[in-house]
Each structure stands twice: as C-alpha cells, then as structure tokens.
Amino acid sequence: MKVRDVQHAVLPQTTVEERSRQGAVVALRRLLNAKVRPRNVEIYDSEAAPAFAERHGRRPQSEEEIREAFLMAPSYRLWSAANRSAQEMIWVSVGQPIYRDLDRMEAVTEELMHSPARRGSLTLDPSYDPSPEVADVDIHLQPGGYGMDRGENDVVAGALYELGGNVFSFGQGIGRGDSKAGVILRLLEEAFTGFKPARMLDIGCSAGAASAAYAAHWPDVEVHALDLGAGMLRYAHARAESLGVAVHFHQMDASSLTFEDDSFDLVVSHNLMHEIGEEKRQAMIRESFRVVRPGGVVIHQDVAIRNPPTLVHQVERDWDTHWNGEVHWATYATADLKADMIAAGFPADTVIEHDLAALSGMMNNRWYAISGRKPGQDNNG
Amino acid sequence: MKSEAEALIELISSARGARKPSLANRETEEVLNIALATLIELAVANDRIDRLERLVAQLRGEDVSALRDITYEGDVAEERQQATDGLLMRAMRIMLDPREEAVTEKAAD
Ligand SMILES: C[S@@+](CC[C@H](N)C(=O)[O-])C[C@H]1O[C@@H](n2cnc3c(N)ncnc32)[C@H](O)[C@@H]1O
C-alpha cells in the first residue's frame, strides 16, 4: 500500500478547482525549493556577509551573526517571505475543502468509529492535556496545531496533516509514492534479516499513514500507534478502518507510555524527534527502550538535516525554526542521538545511525534513522 | 456544506502565534502575499481555460493544438494588442501615478 495519495472515506471531497489550486501551490513550492533556495548560500557570500562587514567592520562569526547577516540580504529576505507565504497557502489550499466538507467527514468518522465491523480501536484519554511544547505551537504553520480538538467527532487536525503532507512533500521533492514505513521495512530486511515482529508500536503517528502501511504489509502483526492529539487520532482511526486495516490507536504522551515493560517486538517513530524538545526526546527514547522486549528492535527515523557541511548551511537550514513554527528543528539537528540511545540503555555496539535513500524520491531525498537493540537471548523475532 | 468563504474564515481564524515578517516592512510583505495568492488563482483560471479548450476541441472533433493554433491578423490582432496594453496599464498603474509621496504623520507617538 502506498502511504500517500491513498483514497479513503474521510478525505474531503475536493472540487477540480481546489485540486488545481493545490497543484499550483505545489509548483510554487517546488520552484522556490529547487530553483531559488539553493542560491541562499551564494547570496550569503555575495550580499549578506559583505553587508554585515560594512556595518560591523568584520565578518559574521556566531550563528546569531550569520542569521543577522542573512537578513541584511534583500534576495534572502524575498525568498524567505515568499517561502513563508507558500507554506501558508498550502494550508489555505487544503483547509478550504476540509472545512467546507467537514459535516460529511465527521458523519463518516462517527460511523466508522462505531462500526461493528471495525478491526482496530481508538482509546482517547480525556484526562490527558497534550504536551504544550507541541500543542501550543502551530508547527509548520498548520492552523490550530497537532493537538487541536474541536469536540466529539472532530478530525480537522488529522485531515490538515494528511492533505498538507501530500502537498508539502510533493513540493519538497519527496515522491508521492514514497513511504517512510517502506524505508524502514527495507532497513529491517537488510540490517535485521529474519526479524519479524508479532506486536509493534508507532510513536507520534499523526494521521496514521505509516501505522496503516505496517498493518497492510503485515496483516498478522498487532499494530499499536499513539499521538497526543484527539483530532489527529480520530482521523487516523477512521482512515485505517476505511482502508480496512487493523491499527490500535492511543492518546498518550510519547515521554510517558502506559504500556508494560518488554511488551513490543518492534518500536518505531517517524519524523517525531524534530518536533519535540530535548527532555521529551530523551524520555521518549528511554520509554522506547523500556517497552521493547529483550532482543527487540527500536528505530527512530527522521529528516536528514543533521550534519550540515558548514555553519552557514546550518543557519540556512534553520529557517524553519524561525519562520515555519518548527521550534525544535535546530535542537534535533544538533542533538547527540547516539548518546541518548546509549543513555536509555541500548548497548553501544547495537546503536547504528543510518543514511537511507527514499523509495522513490525526486530530488535524491534521504531519511535519517537511528536503531538499537535491547539486550536479551532471543534475537530472532 | 459551508461556502468557500465561510470555510476559509474558519481556517484563517484558527491560526496561532506571531507572524514575523522577512521583508523590511510589513506592508510590503502583505502585498507580496496578495500578489502570490493572485498568481496561484491565475494558474487555477488557466487550468479552467485549458479544460474548456479541450472540451471545445473534442466537440468539434479536432485536435486541441489545432484549436489553439490561431494567428492573430488585421483587426483581430489590433484588438488583442489593445486588450494586452490595457491589462498592462491596469497592472502597472502605480508606476505611472503622478502624485508624489505625501509625508504622513506617523501614528501619534
Ligand atoms: C511530524 S508528525 C509525524 C507523523 C507521522 N509519524 C508521519 O511520519 O507522518 C509528529 C507527530 O508527533 C506527535 N507528537 C509530538 N509530541 C508528542 C508527544 N509528546 N507525545 C505524543 N505524540 C507527540 C504530533 O502530534 C505529531 O502528530
């Protein structure tokens, strides 16, 4: 099953004009990313650093000074303003059909959530207050953020995430057929030959695209998935039911799981680490170690923005922190994740960082992942 | 089902956080946003024209490239040229506006 562009009943019904508009925003993003953004580092040398030197009598040194210099370059500022605008237009282009068609989507959700034929489950925790470091921010400018919950059958956060993700990733050059779950399945085959879980967990699942893909790939595996947002989880649950795959969704904080010790064979997270702060991340990694069984595998996958070649590249990448609501982008990019894994209990010789090719990327897209294995007798699976 | 405008108001009013401009001033940045949004709408309109052209070509039983392959000559060429000149004049009006920038009082400080 392809993860993106999967048709299911909870998607809004879009008009041909709305699809045109989404396509045009994708094209604008692609142009800004592929043709304009790559010039930023040159602009730094030709406009930014000289402007800084003229004002201060020396070249920029620190990250803050490099950022200040960038902002002295009109070409950089124009790219930045246009990029922010394009990001906002993604949400306009997908938000219009969602809010327009919401009554129908909520009715379908209610039906799927209570259908006697449902294969998975949804467990919400009304006493849980979504982690404010994520829920209080409109991360990558998604209006209302990941934690938005507008009541009983609300699915807006999930719908925005899935549709925005389709538009966004296509504009970035991540091919539509790409699947982060697919990349991890390939990694398991190559690096953990013969390993197959009976019970697995997907932490920070959002709309459940990867969770559903695992369930489709391994119909006999018990797939659990968790996220902080109720609106996100209702959508994920209804989506999985509409696709006919069994996933058990839970509202829970990644840093404090209610699952028993040693209760999963495989624990994964996709694109979660860059959304959370350092303490949450370290606690999340500790929890992934606790709940995986001896001999079990843990893989945390995320965006390949680590190890930029120079400080100027790093500051350029860090645009998302300042203009795209990605408040933990830089924290993730510069974190010592190997140390976090070892501190959580993984033996150092099992902790491996992977540089992974996307399944079908357009711009040689890559993913980062770090894996570890809990010590124990049973290493087979 | 909500209207487009109602749906958009609901979406727009759900956004949170401060909006930090990249350009030296906020008005310029807002105008850029309007221009880019208009650009997207132009793409949407072009798609719509394309759909109509294809439909007309199909109804006429000819290739769409044949339908589009019209070279303007004579009066028609003149009419199209005038329409284009008018369009450009409307778009570039501000650059031809003879009025000088007035010195405005900044909001009482
Ligand atoms: C970028 S999304 C990744 C979604 C999905 N795994 C994917 O790859 O498409 C990150 C998700 O992590 C969730 N999240 C962030 N902090 C969390 C926390 N402390 N506990 C549980 N979920 C969290 C967010 O709500 C969001 O849905």
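Me: Is A:Ser371 buried or exposed, and how do I read that?

Reply: Buried means under 20% relative accessible area, exposed over 50%, and partly exposed in between, with a 1.4 Å probe and protein chains only. A:Ser371 has a relative accessible area of 0%, so A:Ser371 is buried. This is a predicted model, in which local features need pLDDT of at least 70, side-chain atom pairs count only at pLDDT 80 or more, and totals for chains, interfaces and linings use all residues; side-chain values use heavy atoms, with hydrogens and water left out. Residues are numbered from 1 along each chain as its sequence is written, while chains are lettered from A and ligands numbered from 1 in the order in which they are written.

Me: In which strand is A:Ser371 found, and which side chain does a polar contact join to A:Ser371?

Reply: Helices (H or I, at least four residues) and strands (E, at least two) are DSSP runs, numbered from the N terminus. A:Ser371 belongs to strand β8 of chain A, residues 366-373. A polar contact is a pair of N or O atoms within 3.5 Å; within protein, one must be able to donate a hydrogen and the other to accept it, and residues adjacent in sequence count only if both atoms are side-chain atoms. Here the partner of A:Ser371 is the side chain of A:His354, at 2.8 Å.

Me: Where is A:Gly295 found?

Reply: A:Gly295 sits in strand β6 (residues 292-303) of chain A. Its relative accessibility is 0%, so A:Gly295 counts as buried. From A:Gly295 to A:Gly372 the C-alpha distance is 9.8 Å, although 77 residues separate them in sequence.

Me: How many salt bridges does the structure hold?

Reply: A salt bridge is a side-chain nitrogen of Lys or Arg within 4 Å of a carboxyl oxygen of Asp or Glu. Over all chains there are 33. One of them pairs A:Glu17 with B:Arg48, with the closest N and O atoms 3.4 Å apart. A:Glu17 is in helix α1 (residues 16-36) of chain A and B:Arg48 in helix α2 (residues 26-60) of chain B, so this pair joins two chains. B:Arg48 is partly exposed, at 46% relative accessibility.

Me: What parts of the chain do A:Glu353 and A:Arg306 link?

Reply: Their side chains form a salt bridge, 3.7 Å from N to O. The pair links distant parts of the chain, 47 residues apart: A:Glu353 lies in strand β7 (residues 352-357) of chain A, and A:Arg306 in the loop between β6 and α12 (311-317) of chain A. A:Glu353 is partly exposed at 36%, whereas A:Arg306 is buried at 12% relative accessibility.

Me: Which residues surrounding the ligand are the closest?

Reply: A residue is near a molecule if one of its heavy atoms lies within 4 Å of it. The ligand is surrounded by 20 residues, the closest being A:Lys180, A:Gly204, A:Ser206, A:Asp227 and A:Ala254. A polar side-chain atom of A:Lys180 is 2.6 Å from a ligand oxygen atom, and a side-chain N or O atom of A:Ser206 is 2.5 Å from an oxygen atom of the ligand. For A:Asp227, a polar side-chain atom lies 2.6 Å from a ligand oxygen atom.

Me: How much of the ligand's accessible area does the protein cover?

Reply: Accessible areas come from the Shrake-Rupley method with a 1.4 Å probe; for residues, only the protein chains shown count as cover. On its own the ligand has 590 Å² of accessible area, and the protein covers 97% of that.
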